Amino acid sequence: MPLSLGACAMEVLFGRNKKEQPEPVRAKVTGKIPTWLQGTLLRNGPGKHTVGETRYNHWFDGLALLHSFTIRDGEVCYRSRYLRSDTYNANMEANRIVVSEFGTMAYPDPSKNLLSKAFTYLSHTIPDFTDNCLINFMKCGEDVYVTTETNYIRKINPQTLETLEKVDYRKYVGINMATAHPHYDSAGNVLNIGTSIVDKGKTKYVIFKIPAAAPDRMKRKSPLQHTEVLCSIPSRSLLSPSYYHSFGVTENYIIFLEQPFKLDILKMATAYIRGVSWASCLAFHREDKTYIHIVNQRTGKLVSTKFYTDPMVVFHHINAYEEDGCLLFDVIAYEDSSLYNCFYLANLKQGFEGNSRIIPVPTLKRFAVPLCTDKNAEVGSNLIKLASTTARALKEKDDQVYCQPELLCEGLDLPRINYAHNGKRYRYVFAFEVQRSPIPNKILKYDILTKSFLRWGEQHCWPSEPVFVPTPDAKEEDDGILLSAIVSSDPQKLPFLLILDAKTFAELARAYVDVDMHLDLHGLFIPDTDWDPRKQAPSQEVQDRASSQTGQV
Ligand SMILES: CC1=C(/C=C/C(C)=C/C=C/C(C)=C/C=O)C(C)(C)CCC1
Ligand SMILES: [Fe+2]
């Protein structure tokens with residue numbers, strides 16, 4: 001049966017396995033790339049959803065395909081490589097999916113009966129999660145890692161995209177999962193948060209810091225060995241910690257939302273035997289609240305006031321900052337967790353065929369939290385006296401404060417900002433426009449001050465999350481350019497790197513590449529000034545060869 005147009009677009013964009021392009025390909029540039037723009041845009045996302053005869057259920061399950069655009073002297077070179085994770089290698093060797101992902105539970109040995117499967121499983125109280133790091137990147141000193149939401153990250157060579165060592169966070173900090181969205185302070189130290197689910201029933205969220213460089217770097221120690229725990233926040237429920245995808249930071253504080261979208265640990269412990277996915281162990285509890293935890297970065301202490309708001313599901317924090325004794329933070333909020341359902345490949349297919357389960361429309365919400373609460377303030381009074389926002393924080397009894405957000409706008413996700421403004425006052429959000437219809441979507445710039453938008457879009461074009469790169473002499477927040485990888489649902493149209501002026505949204509250049517490019521999730525721009533190519537780590541293969549020659553392990 002011939003595929004309908006919608007089903008064809010779905011296959012091209014989300015379903016079809018993509019071919020990697022490890023040898024650099026020169027792009028055809030139209031327009032003019034600013035000469036100051038020198039560096040590499042790295043992007044990550046799922047590129048392969050079938051292995052042999054087996055197919056993943058969810059788009060977030062796909063095997064990580066890294067791609068990069070190296071921009072030098074007005075020219076662009078493209079390459080892509082599948083992450084050679086242990087997961088990838090095991091799947092390829094078996095020619096089927098043998099490692100479980102978010103939406104797909106896999107069985108390494110299908111010939112085993114249920115009882116022996118149960119035995120195999122029970123011998124591991126906590127399952128060994130996947131190292132298919134398909135979501136984002138993390139810069140840790142000079143090292144670049146790819147990230148997902150389990151306890152594993154993988155080091156990569158950012159120039160060749162080769163896969164280097166597998167790092168288990170558990171060696172350095174007691175967590176079983178961590179976000180794929182770390183933050184960086186002005187010194188380049190990494191801040192992240194993870195969940196510990198095995199510490200004798202003391203389920204907790206752990207905020208940790210990885211220094212930009214190990215003090216004993218000369219001894220070739222990884223900065224990870226100097227990971228410090230900044231604060232541990234006990235989970236409200238020992239058996240169902242919240243799921244979270246990112247968090248917020250200001251200059252002095254960290255914002256963590258304990259939302260009523262929760263992972264059921266007991267369900268997880270029996271998921272393998274029951275033949276269900278990790279995703280089925282996540283549930284949204286609409287009767288619950290969202291708790292707002294504020295941690296002082298200097299002391300590692302939690303602000304004692306109990307802030308909360310209505311139930312919501314936040315994947316991406318945009319930014320946060322302090323203003324006149326208050327902390328303001330902006331998030332992209334959904335009414336429930338249905339976004340994750342939209343990304344089941346079967347649902348994506350339906351969506352493209354026009355029987356769309358309605359795409360949930362996100363809202364940009366600004367919250368304001370008072371950093372010192374007046375104990376004598378009247379119950380019911382608003383503790384926020386800022387002229388800049390209508391967000392309220394209403395005093396309740398027992399040191400509780402109910403936070404009511406200001407609704408800034410609707411219909412955007414995959415937000416990026418000028419990271420020089422992270423944790424500080426800011427005005428612009430660059431994002432992917434989320435429309436109910438018509439698909440495909442646009443890139444936009446939202447001006448929080450004037451509440452106005454600029455948009456870029458073109459027929460059949462699917463942009464990726466726009467990454468902001470400041471001009472070297474930037475004076476204003478939006479002095480810079482935006483980079484987005486554009487994939488077309490029209491197989492006749494080549495994919496390209498789009499370069500926009502971030503101030504005006506004028507198109508500066510495109511770099512077309514005749515390759516099989518995939519839709520991705522997140523990216524990182526590394527300016528050439530940030531690295532010394534001679535210092536890049538050799539590939540795992542080279543390291544293995546060297547250690548087998550010297551007999552070291
Ligand atoms: C494998 C695995 C997980 C993976 C989650 C993933 C891969 C989430 C991806 C989210 C994205 C891409 C969101 C975008 O907004 C969980 C649930 C942590 C539980 C433990 C096992
Ligand atoms: Fe994300």
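In what order do the four strands of the open sheet with β29 run, and is their pairing parallel or antiparallel? The order is β29-β30-β31-β32, and the pairing is antiparallel. Here strands are DSSP runs of E, at least two residues long, numbered from the N terminus, and two strands pair if DSSP finds at least two bridges between them. β29 (412–416) and β32 (452–456) stand at the edges; each has a single partner strand, so one side of each is left without a neighbour in the sheet. On average, neighbouring strands of this sheet are turned by 30 degrees against each other, direction ignored; the axes are lines fitted to C-alpha atoms, and angles run from 0 to 180 degrees between N-to-C directions. Strand β31 (residues 443–447) is joined to β32 by five bridges, running antiparallel, and K445 has L454 in β32 as its bridge partner.

Before we go on, a word about what you are looking at. This is a predicted model, in which local features need pLDDT of at least 70 and side-chain atom pairs count only at pLDDT 80 or more, while totals for chains, interfaces and linings use all residues. Residues are numbered from 1 along each chain as its sequence is written, and chains are lettered from A and ligands numbered from 1 in the order in which they are written.

Now turn to another open sheet, with four strands in the order β8-β9-β10-β11 and antiparallel pairing. Its edge strands are β8 (136–140) and β11 (163–168), each pairing on one side only. Neighbouring strands are turned by 35 degrees against each other on average, direction ignored. β8 and strand β9 (residues 143–147) pair over five bridges in the antiparallel sense, and F137 has V146 in β9 as its bridge partner.

The largest nonpolar core has 143 residues, and I255, V369 and L497 have the most contacts inside it. Such a core is a set of buried Ala, Val, Leu, Ile, Met, Phe, Trp, Tyr and Cys residues joined through C-beta atoms within 7 Å; buried means 20 or more other C-beta atoms within 10 Å of a residue's own, exposed 12 or fewer, and partly exposed in between, with C-beta atoms placed from the backbone. Strand β24 (residues 326–334) gives the largest share of this core, eight residues.

Finally, look at I526, which is found in strand β38 (residues 522–527).
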